[in-house]
Amino acid sequence: MPPPAPPTVLVPSERAVVLLSCALSAFGSGLLVATHALWPDLRSRARRLLLFLSLADLLSAASYFYGVLQDFAGPSWDCVLQGALSTFANTSSFFWTVAIALYLYLSIVRAARGPRTDRLLWVFHVVSWGVPLVITVAAVALKKIGYDASDVSVGWCWIDLAAEDHLLWMLLTGKLWEMLAYVLLPLLYLLVRKHINRAGIGNTFQGGANCIMFVLCTRAVRTRLFAVCCCCCSSQPPAESPASTPKAPAPSTPRESQKSQGTPGDLPST
């Protein structure tokens with residue numbers, strides 16, 4: 001077996017940028033997961049897809065952070081583990097990103113609803129978790145994941161450059177799915193934009209897609225918006241209840257005023 005390649009020297013600024021990027025990615029993904037856990041009334045289908053994408057991104061950021069922080073100098077067991085986790089998470093992230101775009105396309109253009117979307121969610125799970133898992137297990141079993149001397153990464157482990165077919169495994173463990181995502185995502189979004197233009201709607205797609213995903217597809221948000229609109233449309237102030245209005249005292253009769261001052265019969269007799 002040939003000796004490992006000499007590591008590529010990484011300047012401290014590069015390491016700092018990568019660590020900061022991983023930390024921000026983990027924070028953002030963790031925040032999305034936390035909001036999903038804290039507010040059950042916001043758990044729509046689109047947000048569930050976003051949750052699974054956030055979980056994959058969280059695992060990917062954590063594995064990259066460990067790899068850059070560890071600064072591997074050669075093959076080791078934790079290098080293989082870190083490379084396997086980052087390969088699985090990164091590949092799964094690409095699949096979930098395409099799944100969200102496909103869900104938007106089917107919901108807006110094809111108007112897919114009900115049981116059809118439920119079956120589609122199961123397909124997304126099988127593909128987005130199953131395919132990356134099979135690829136990662138095969139790469140680890142065939143000893144394709146290992147030390148890459150930071151030649152094709154920035155501090156973390158990925159495909160062992162000593163393998164003869166390392167280019168093929170680089171495609172299978174990430175680059176192929178990344179390139180497919182770059183082709184499919186613009187295509188799906190262009191189809192959605194074309195459908196929106198046919199309807200008379202001329203706003204930009206990004207804002208419309210976000211509104212559909214995180215406002216219109218969320219029952220709690222729809223209810224709160226409806227309540228706000230009802231309050232704004234109401235022009236009459238609420239009527240006061242009869243119990244809250246003070247009553248004017250009844251006028252006293254001369255007989256009652258005379259009793260209150262006392263009668264001569266009430267005076268003590270001598």
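**Close-up views of a predicted model**

View 1. Leu-59 sits in helix α2, which covers residues 45-70 (helices are DSSP runs of H or I with at least four residues, strands are runs of E with at least two, and both are numbered from the N terminus). Keep in mind that this is a predicted model, where local features need pLDDT of at least 70, side-chain atom pairs count only at pLDDT 80 or more, and totals for chains, interfaces and linings use all residues. Residues are numbered from 1 along each chain as its sequence is written, and side-chain values use heavy atoms, with hydrogens and water left out. Leu-59 has 32% relative accessibility, so it counts as partly exposed (buried is under 20% relative accessible area, exposed is over 50%, and partly exposed is in between, using a 1.4 Å probe and protein chains only). Together with Trp-77, Leu-81 and Leu-85, Leu-59 makes a nonpolar surface patch with about 410 Å² of accessible area. Helix α3 (residues 77-108) gives the most to this patch, with 3 residues. A patch takes residues with over 30% relative accessible area and no salt bridge, joining nonpolar side chains (Val, Leu, Ile, Met, Phe, Trp, Tyr) within 5 Å and like charges within 9 Å. The areas come from the Shrake-Rupley method with a 1.4 Å probe, and for residues only the protein chains shown count as cover.

**View 2. Cys-79 and Cys-157, joined by a disulfide.** Searching the whole structure turns up 1 disulfide (a pair of cysteine sulfur atoms within 2.5 Å). The sulfur atoms of Cys-79 and Cys-157 are 1.9 Å apart. This pair links distant parts of the chain, 78 residues apart: Cys-79 is in helix α3 and Cys-157 in the loop between β1 and β2. The link is left-handed, with -115 degrees about the S-S bond. Both cysteines, Cys-79 and Cys-157, are buried.

**View 3. Lys-144 meets Asp-165 in a salt bridge.** The distance here is 2.9 Å, N to O (a salt bridge needs a side-chain nitrogen of Lys or Arg within 4 Å of a carboxyl oxygen of Asp or Glu). Lys-144 lies in the loop between α4 (115-141) and β1 (145-146), and Asp-165 in the loop between β2 (158-159) and α5 (166-199), so the pair ties together parts 21 residues apart in sequence. Lys-144 is buried at 15% relative accessibility, while Asp-165 is partly exposed at 28%.

View 4. Glu-178 is buried, with a relative accessible area of 17%, and Lys-175 is partly exposed at 38%.
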